[in-house]
Amino acid sequence: MSTDTDSAPRTSPLRASLPASLAAVGRHDVPASVVVFLVALPLSLGIAVASGAPVAAGLIAAVVGGVVAGLLGGSAVQVSGPTASLTVVVAESVHQFGWAATCFITVGAGLLQILFGLSRVARGALAIAPVVIHAMLAGIGVIIALQQVHILLGGNSLSSSFASLTQLPHQLMSVHRGDLFVGMVVIVILIAWKFVPRPIRLVPGPLVAVVVATILSLVLPTHVERIVLSGSLADSIGLPEIPSGSWLAVAMTMVTIALIASVETLLSAVAVDKARPGNRTNFDRELIGQGSANVVSGLLGGLPIAAVIVRSITNAHAGAQGRAATVLHGVWILLFAVALAGLVQQIPKAALAGLLILIGVQLVKLAHIRLARRTGDLFVYVATVLGVVFLNLLEGMVIGLVLAFALLLWRVVRVTITAEPVASARRWVVTIDGTCTFLALPKLTAELTKVPSGVDVTIEMTVDFLDHASYELITDWAGQREAAGGTVDFVEIGSARMATAVAGPPERGRSRQVLDEVIGPWRRTGNSADRIAAGIAAYHRGHAHLMRPHLHGLRNRPDADTFFLTCADARIVPNVITNSGPGDLFTVRNVGNLVPVGGSDVSVEAALIYALEKLDVRAVVVCGHSGCGAMDALHREVRTGPGLGDWLAYARPSLDRFRLGHPVADAAAFAGFGPVDQLGMVNVALQLERLHAHPAVRRGIEDRGVAVSGLFFDLATARVIEVTMDGIAEFDDEVSVAALDELADVRGIAAEPVQRRARRRAGPNDPARQANSARL
């Protein structure tokens, strides 16, 4: 007997998902495709006119860019078609080789793009200096604006920017008022469109501007130049022709189109990915799709194609979810070109000129100029723009890339070298800061010559790269002075060291290496070398020079800021975990960070009284730590024998309170700490009670507001936890930002980075903390 479930018709997952997918396309992609179609249509026509190509070539490129690139590309929402950035190159190609040969060049550029994608070099194009890209686009914008101004005034575009500038006064003397009026209407509408209410702005501004200008041109009493279509869209399709000119020029044009189209496509993909965080473009596949689209467009007689950031962002903001929106926008353009081609011939040239002038002006972005000025790249920007405008696009880009590389080289290899006397000129300090290469030899020689004979010299080297030439000059100079009876001390603060300069090819040192040397422990090896002696030698050579000015001001001031009682465990480095320096901590260490009470050991009490009454400390701190051996022995009640056993007797009350259920133990258990660490925190809380009960501490609290606090250093996370007499808490780094600002001012640290560091938080449930707790 079958149940209702058995008799119900079964639907395959594919059939179930298909209606949902179609519904999503109808709800999201179809409306987005209409919006992109309305934006792309006038732009495609205008770019074709500006390029000197047949008007239908812009429509063919838009259709192919939507369908082919949309289906084969690596981005689901990126929209491709004719682009303003290729207008200049295409116009030069049409002028030099003719339109049919330009289509052949477009096919070749597409094949190059396919090779780029197959060779997986797509991300390499992103390594081009952004200032060069920005300047290239600005130069293209200037050229477009200069050429289209003549059409706006009723004339014809000229072949060069220089001619456009020199002929502009003559064109102004022969303005055609009808064309100027129509073009200015388009510019005014486009500028004002951003200020209209948002619901109205759902209609694309370029479409509104062109439609209004076309209607006005039909009622104006004067003649207005209009677009001319030579036959239907099908009649415009034609096979490319092999160019008859110089093959070197043809190859250079192919490479230029391929590079510009690829770079603009990749930059557009990056922008789209930022606008849609869930969307990730496959850059190599995107280049293959773009190349395929250019091959098809060239074979059909269309313009070169690239992803266009304006249309792509419009598509994303319009709600497109997949490739259907991109493909459908190409379908709508095809239907328009076939069914409504007559309407295209009613559009005034001046209307498209006004549209392109505004596009060209918008390519020159003030934000890019200000950024280039702030980053010191302004002369690269200006030189690239001038090269693009007055030479050609490729030469302008080469000029920009060469200048950007030269500037980068100068910045990377730049080194600061100074030689100055200190301590009444009895000692000179030579500072070398930066990248020390053979390029620095003239400056290095000049500064070393300043040092008079008979004085002691300290060479302070904060360098990240040291080549053999610089090493030899420095060592030869030092050897000559020492042979004459002088002394030369080396202080090496940077990551590149003299000792390794001739051990092999020079390599750039890493800043992380310097930090590891400062705060990292000695490595246990089978070497029997004296590590203390080696460590002192490294300190003298690397950090004594930095310590000297700090200690110089403290040599007659035996005071301190904080009495710091912590465990003798070698893994606890008080000055590191408190970010303190010389003269800050009066440190007392013993096994288990204990304050003995009622016994014969008065060492901690003596140090405490001395710190409070003689050093005038402002705070008293007890610091325990995770994985403490004393707490582990106490917890397991290990018989340790005389000496250590007598000492751990002072911690016996901590074990008793822990077993009775101390609130600090409960808080530590809730935070994920194991029993030994819970006992360690209870031990810190009991030492706080003992300190509060001490007469000297009470007087300090009452008379001077001395603060008494407890800390617990968690080795698993390298973070410090606050321990009170009845609980634990993470330090609220946000609250302590003001204190860190004060610390930054005192120690010369940039305040903003300090604040950013303070906001990094790792809770007690950190995986490393939990792993350590499980081990304990």
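Reply: In this predicted model, E637 and R652 are joined by a salt bridge between their side chains, at 2.9 Å from N to O. The pair links distant parts of the chain, 15 residues apart: E637 lies in the loop between α28 (629-635) and α29 (644-648), while R652 belongs to helix α30 (residues 652-659). E637 has 41% relative accessibility and therefore counts as partly exposed. R652 is partly exposed too, its relative accessible area being 34%.

Helix α30 also holds R657, and the partner of R657 is E689 in helix α32 (residues 675-693). The side chains of R657 and E689 meet in a salt bridge of 3.5 Å, N to O. R657 counts as partly exposed because its relative accessibility is 33%. For E689 the relative accessible area is 28%, so E689 is partly exposed. Salt bridges with shared partners join E637, R652, D656 and R659 into one network.

Another salt bridge connects R571 with D569, where the closest N and O atoms are 2.9 Å apart. Here R571 is partly exposed, at 45% relative accessibility. D569, at 18% relative accessibility, counts as buried, because buried means under 20% relative accessible area.

As for the background, side chains of opposite charge can pair when their charged atoms come close. The structure as a whole holds 14 salt bridges, among them R571 with D569, E637 with R652, and R657 with E689.

Methods
Residues are numbered from 1 along each chain as its sequence is written. This is a predicted model: local features need pLDDT of at least 70, side-chain atom pairs count only at pLDDT 80 or more; totals for chains, interfaces and linings use all residues. Side-chain values use heavy atoms; hydrogens and water are left out. A salt bridge is a side-chain nitrogen of Lys or Arg within 4 Å of a carboxyl oxygen of Asp or Glu. Buried means under 20% relative accessible area, exposed over 50%, partly exposed in between (1.4 Å probe, protein chains only). Helices (H or I, at least four residues) and strands (E, at least two) are DSSP runs, numbered from the N terminus.
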